[in-house]
Amino acid sequence: MCGNWNGCEPAAIVNKFTRLKAIAAPLLRINVDTDAIIPSREIKRVSKVGLSDGLFAGWRYTEPGGRVEDPGFILNRDPFRQAQILLSGLNFGCGSSREHAVWALAEWGIRSIIAPSYGAIFYANCARNGVLPVILDNDVVEDMARQVTDEPEQHLISVDLVDCTVTAPDDTVHAFEIDAADREMLLEGLDAIDVTRKRDDEILAFQARDRLRRPWIYL
Amino acid sequence: MSGKSLFEKVWDEHIVVPETDDAPAVLYIDLHLIHEVTTPQAFALLKDQQLSVRRPDLTLATMDHSTPTVPVTTLKDLEVVAEAPAAAQIRAMIDNCEHFGIELYGFGSEYRGIVHVIGPELGATQPGKTIVCGDSHTSTHGAFGALAFGIGSTEAAHVLVTQCLLQRKPKIMAVTIDGALQTGVSAKDVILALIGQIGVEGGVGHVIEYLGNPLAGLNMEQRMTICNMTIEGGARAGMMAPDAITLEYLAGRPQAPAGADWDAAVERWRKLPSDPDARFDREVSLDASRLEPMITFGTNPGMVIPVTQPVPTDTGDPSFRKALDYMQVEAGKPILGKAIDIVFIGSCTNSRMTDLRQAAEMIKGHKVADSVRMLVVPGSQSIKAEAEAEGLDEIFISAGAEWRESGCSMCLGMNGDVVGRGQLAVSTSNRNFEGRQGVGARTVLASPATAVASAISGTIADPRELNRH
């Protein structure tokens with residue numbers, strides 16, 4: 001069912017992102033906060049596994065706190081259950097820093113989000129978990145949401161991180177901008193810790209310099 | 001060439017590797033605060049890759065988010081009072097700190113408390129520092145002239161291993177607050193009004209520097225309240241230049257510099273305020289003299305009105321309507337006088353001595369309305385002890401409120417302290433998101449004064465009315 005160019009991948013967290021052609025689910029609300037993406041009662045875990053059960057728990061289930069799916073919620077409807085792209089409104093992922101929000105989205109199967117703007121911490125968390133946050137104008141997002149509403153499996157959206165473009169179901173191509181380092185991290189599946197550890201000489205030099213001017217930091 | 005802003009001065013001093021078009025800056029981190037909810041996965045990453053913590057001495061660890069606010073002295077107590085998943089997070093924190101050699105302000109510690117309360121209390125929060133934590137309200141520490149912001153768990157692992165973060169330089173927004181605050185109006189009302197003015201996405205991409213005369217009249221705790229909720233306006237961090245009040249607060253604290261170090265530190269800190277010709281990417285002003293006590297009516301902190309005003313008229317926006325439906329409030333109607341179920345005084349926004357003293361003074365001689373449950377949760381064990389030494393606990397208890405151990409508690413309802421389904425809470429915390437304080441909970445954010453006035457009347461109330469009687 002999934003339209004991934006590389007075939008269906010299990011919904012495990014992968015750190016690489018190149019291209020994706022997939023069903024997109026419209027969730028056109030503004031200011032979707034990370035408490036909505038996964039409530040705090042759902043993040044009492046010491047691992048990243050199993051968090052997708054709590055994804056959008058307040059909206060996805062008929063009873064708040066329950067596990068009976070509300071058929072009215074977009075991600076509970078076929079074929080949006082197979083969606084790998086989420087379309088949403090401005091300031092997506094605002095609020096709490098909880099990376100659990102990205103882990104839950106990724107485990108559920110979301111590989112890319114398209115929205116006009118994001119909460120800063122959420123945005124950074126996405127890039128570190130192989131989830132591509134695309135920024136496009138609200139008009140474009142709303143237009144694409146209209147296009148995917150009927151027969152979503154026939155109206156796939158393509159996201160290409162190599163070319164930095166999104167192709168709408170009507171074949172309109174929208175270029176997007178992304179920080180060069182975030183792009184490389186996603187394309188190569190890089191681990192930022194590895195990248196920074198290679199700067200150890202510079203970190204040591206900084207500490208030596210800094211110790212002289214601010215000795216009280218180094219007690 | 002223009003002068004430098006406070007932010008630029010702190011930023012420039014922490015550059016290990018400058019940013020380029022291709023790569024963000026490598027920024028040195030002076031203080032990493034950690035707690036039990038956002039670090040288990042970070043420590044797991046270190047263990048998987050057999051990495052160690054570079055600077056345990058710059059890592060300050062405590063337990064607050066899922067920690068019970070009923071007395072716990074042993075792990076056996078924990079099993080009794082905490083849900084199993086919450087207890088597992090706490091046990092993981094204890095084990096991880098031991099494994100990696102990090103001092104933990106845990107159950108036995110007189111300094112344990114909310115991470116953003118104890119950093120300043122210990123004197124670990126200082127002007128000019130870079131401070132991060134896996135918690136968005138890390139912006140609190142900006143009140144001292146630090147650059148402080150929240151990060152994710154993977155970034156927390158990055159800091160644990162390298163003591164650095166990869167960061168792009170943000171834009172800077174100057175917010176000038178002018179005019180004196182009226183009686184009954186607090187720092188909480190200032191920040192709620194600002195978020196209402198700029199919107200919850202208004203500060204995206206920016207660090208805010210606060211300027212203006214009223215700041216000089218605010219103590220450190222009130223300044224922390226403003227910087228704490230700066231994140232709710234979308235900004236990454238809020239900063240205020242250090243002054244005499246900052247120095248007075250810090251002097252003599254356990255982790256503040258002492259002796260010759262103190263003098264040298266103060267000399268550096270005095271140079272931190274923005275130069276008169278510093279340039280900002282955006283400037284906003286707020287007239288504080290016209291402010292009234294503020295309350296939220298919707299499901300984000302930007303949906304806020306003066307307590308005497310009606311809920312705005314319906315804009316036709318579906319998100320607006322959804323929020324009003326969730327809150328069970330009507331467009332165009334006041335919510336003053338609406339019956340409430342819960343009052344929560346606490347959280348990293350409003351749980352410090354200034355807040356507790358004011359709340360106690362107002363509630364003294366009154367009773368919490370029969371229909372209301374009121375919970376008072378001090379921000380740290382130190383605050384709890386200080387409040388008890390002043391007899392504040394007895395004032396709260398005799399008024400009918402519950403007096404607890406420190407922690408995040410009902411702000412996010414992870415530790416068993418929750419607002420019940422459909423219940424309406426007036427809360428001094430920072431987020432009124434759907435379900436934030438419990439499944440189906442409805443939250444009205446307000447100052448401690450408004451919360452106390454509401455607890456006494458059993459309805460959403462104007463604190464200035466209480467003062468008149």
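Predicted model: local features only at pLDDT ≥ 70, side-chain atom pairs only at ≥ 80, totals over all residues.
1. B:Lys384 is situated in helix 13 of chain B, which covers residues 381–389; helices here are DSSP runs of H or I of at least four residues, strands are runs of E of at least two, and both are numbered from the N terminus. B:Lys384 counts as buried because its relative accessibility is 14%. The term buried denotes under 20% relative accessible area, exposed over 50%, and partly exposed the range in between, with a 1.4 Å probe and protein chains only. Apart from neighbours within four places in sequence, B:Lys384 is in contact with B:Pro378, B:Trp403, B:Arg404 and B:Glu405, where contact means heavy atoms within 4.5 Å.

2. Residues are numbered from 1 along each chain as its sequence is written, chains are lettered from A and ligands numbered from 1 in the order in which they are written, and side-chain values use heavy atoms, with hydrogens and water left out.

3. The structure holds 15 aromatic pairs over all chains; rings of Phe, Tyr and Trp (its six-membered ring) pair if their centres lie within 6.5 Å, and planes under 30 degrees apart count as stacked, over 60 as edge-to-face and the rest as tilted. The pair of B:Phe396 and B:Trp403 is stacked, because the ring centres are 5.8 Å apart and the planes meet at 15°. Both B:Phe396 and B:Trp403 are buried.

4. Chain A also contains a stacked pair, A:Phe56 with A:Trp59, at 5.9 Å centre to centre and 5° between the planes. A:Phe56 and A:Trp59 are both buried. Elsewhere in the ring pairing, A:Phe92, A:Tyr118, A:Phe122 and A:Tyr123 are linked into a cluster.

5. B:Met327 belongs to helix 11 of chain B, residues 318–327. The residue is buried, with a relative accessible area of 1%. Beyond neighbours within four places in sequence, B:Met327 has contacts that include B:Phe297, B:Gly298, B:Leu424 and B:Val444. B:Thr183 lies 144 residues from B:Met327 in sequence, and their C-alpha atoms are 29 Å apart.

6. Chain B as a whole comprises 16 helices and 19 strands. Its radius of gyration is 21 Å, close to the 23 Å given by the globule rule for 469 residues, so chain B is as compact as a globular protein of that length; the radius is taken over C-alpha atoms, and the rule is 2.2 Å times the number of residues to the power 0.38. Of the 469 residues, 66% count as buried. Among contacts between residues at least 6 apart in sequence, 74% join residues at least 24 apart.

7. Chain A has 8 helices and 8 strands. Its C-alpha atoms fill a box of roughly 65 × 40 × 30 Å along the principal axes. Of its 219 residues, 58% are buried. Contacts with a separation of 6 or more involve residues 24 or more positions apart in 64% of cases.
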